[in-house]
Amino acid sequence: MKKVVVIGGGWAGCAAAISAKKAGADVTLIERTDMVLGLGNVGGIMRNNGRYTAAEESILLGGRELFEITDACSRHKDIDFPGHKHASLYDVNIIEGVVRRKLLEMKINLLLKSRVVDATLEGNTIKSVTLENGKVINGDSFVETTGTTGPMGNCLRYGNGCAMCVLRCPSFGPRVSITQKCGVKDMIGKRNDGNYGAFSGSVKLNKESLSEEIRNELNKNGLVVIPLPEEEINQGKLNIKVCQQYALEAFAKNLILLDTGHAKLMVPYYPLDKLRKIEGFENAKYEDPYSGGIGNSIRYLSVAKRNNNLKVIGVDNLFVAGEKSGFYVGHTEAIVTGYLAGHNSVKNALGIPLLELPRTIAIGDLVAYGNEILDSEDGDKLKVTFAGSVYFERMKKLGLYTIDKNYLKDKIFKLGLMNVYDEKII
Ligand SMILES: Cc1cc2nc3c(=O)[nH]c(=O)nc-3n(C[C@H](O)[C@H](O)[C@H](O)COP(=O)(O)OP(=O)(O)OC[C@H]3O[C@@H](n4cnc5c(N)ncnc54)[C@H](O)[C@@H]3O)c2cc1C
């Protein structure tokens, strides 16, 4: 049996592990912290704008398990907020356990609290990776989904210091770029002012720390919009954040809160003393990052060049997905690239042609577009997401955005791609 090793247990790594397992491989998923899902433990927004199309395409391709879970764990469905339609909000407080059980039920070997620190190659082929405790893990194919966030030194250098986010680098050790260990140079994202990286775009407040009125509205509608006093409006903050899909005036002029189990506040950070001056926020307390009053995690510090089948250029048996595979923002983007990378890692181990999704579907186009901009001028300043900004505009222009499930079903069927990830290749 062929062995696939997935490094990094965020949404991309979980999806890669699942599709590799479904294709028939023996799969080991290695995660440095004590939880899977990585940044997925603090996000929650799904199916907004073009993410709806991508989720439905993935389900039709057979990449369905993780979307079934995010749908089932949604606290709110089909809500609209400024610039965004038909969003679902999964509960960040329960989803990790559900995903973890799914991985174990599928008999994926899950190594938690296991940080990969090195890779051993013969020529351009990885033979094994080494954990911090010295243990060596062999494999036929490898998928790197370690994300692009931190570690601490980078948040100090390019941000406002370690804001103590869910990745908990001081406890579990820094992210390691496996592609870099293989001699492939990391690409680094930039902000409009030329600084490296970008601030994560939201903070989470403890819902119980907010007024009863705000809490009730959040629980009922999933959304609260509070106009800011004139002196508190800061358009500048829109430029520093990752999430260009939220770089809209409404997000500078209002406090926008979404109910993901916590109260997700759509700003990169907000001084606690100022926040507490707003009615209903007198006792506000940060849940993530702990220092959301002064900063947030810094992302897009480690992207690898790869082909449209997600194989890393320069290494014969290494694939990437999620943020590591482009300047992608989002759970949906991580999941759909993860499913493709995991599937192709098995095909690669067997020496059979890899799957490249056509550009006539949104996922195929996003994978190819994310690749193209890596070489374009100022491409390192763009962030790519089905949910908004440049890429959602492109989806609309190309006619790729739809919420018509029957239309998508017909399209995927005609392309001969129905349930392609369900096929047992080994
Ligand atoms: C505060 C915040 C809010 C967000 N909100 C949303 C939202 O509402 N909706 C949305 O769609 N997106 C949201 N995002 C973006 C989204 O979470 C990410 O783009 C996506 O989840 C990235 O997934 P990933 O798997 O590529 O990377 P990550 O989630 O970063 O996962 C990488 C994993 O690799 C592990 N790892 C790193 N190095 C090693 C190593 N050497 N050995 C073993 N493991 C390692 C890490 O511990 C981590 O678990 C948010 C992000 C943040 C930070």
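This is a predicted model: local features need pLDDT of at least 70, side-chain atom pairs count only at pLDDT 80 or more; totals for chains, interfaces and linings use all residues.
Residues are numbered from 1 along each chain as its sequence is written, and side-chain values use heavy atoms, with hydrogens and water left out.

Let us start with the overall layout. Domain 1 is made of three segments, 3–78 + 86–194 + 298–422, and domain 2 covers 198–288; such bounds come from an automatic or database domain assignment. Between the C-alpha centres of domain 1 and domain 2 the distance is 27 Å. Their contact (heavy atoms within 4.5 Å) draws on 31 residues from domain 1 and 26 residues from domain 2.

How much area do domain 1 and domain 2 bury between them? The figure is about 2,100 Å², with 52% of it on carbon and sulfur atoms. Buried area here is the accessible area (1.4 Å probe) that two parts lose on being put together, summed over both. On the domain 1 side, His76, Arg191 and Arg299 supply 22% of the area buried against domain 2, more than any other three residues.

Domain 1 and domain 2 share 1 salt bridge, a term for a side-chain nitrogen of Lys or Arg within 4 Å of a carboxyl oxygen of Asp or Glu. Look also for Arg75 and Asp259, which form a salt bridge with their closest N and O atoms 3.0 Å apart.

Which elements give two or more residues to the side of domain 1 that touches domain 2? They are β4 (74–81), β5 (84–90) and β17 (298–299). Helices (H or I, at least four residues) and strands (E, at least two) are DSSP runs, numbered from the N terminus.

Elsewhere, the structure holds 28 salt bridges. In one of them Glu132 meets Arg115 at 2.8 Å, N to O. This pair links distant parts of the chain, 17 residues apart: Glu132 sits in the loop between β8 (125–131) and β9 (136–138), and Arg115 in the loop between β6 (109–111) and β7 (116–122).

The peptide bond from Gly150 to Pro151 is cis, with omega near -5°, and Pro151 lies in the loop between β10 (141–144) and α5 (152–158). Another cis peptide bond runs from Asp288 to Pro289, with omega near -20°; Pro289 belongs to the loop between β16 (286–288) and β17. Finally, Lys107, a residue other than glycine, has a positive phi near 65°, and its place is in the loop between α4 (95–105) and β6.
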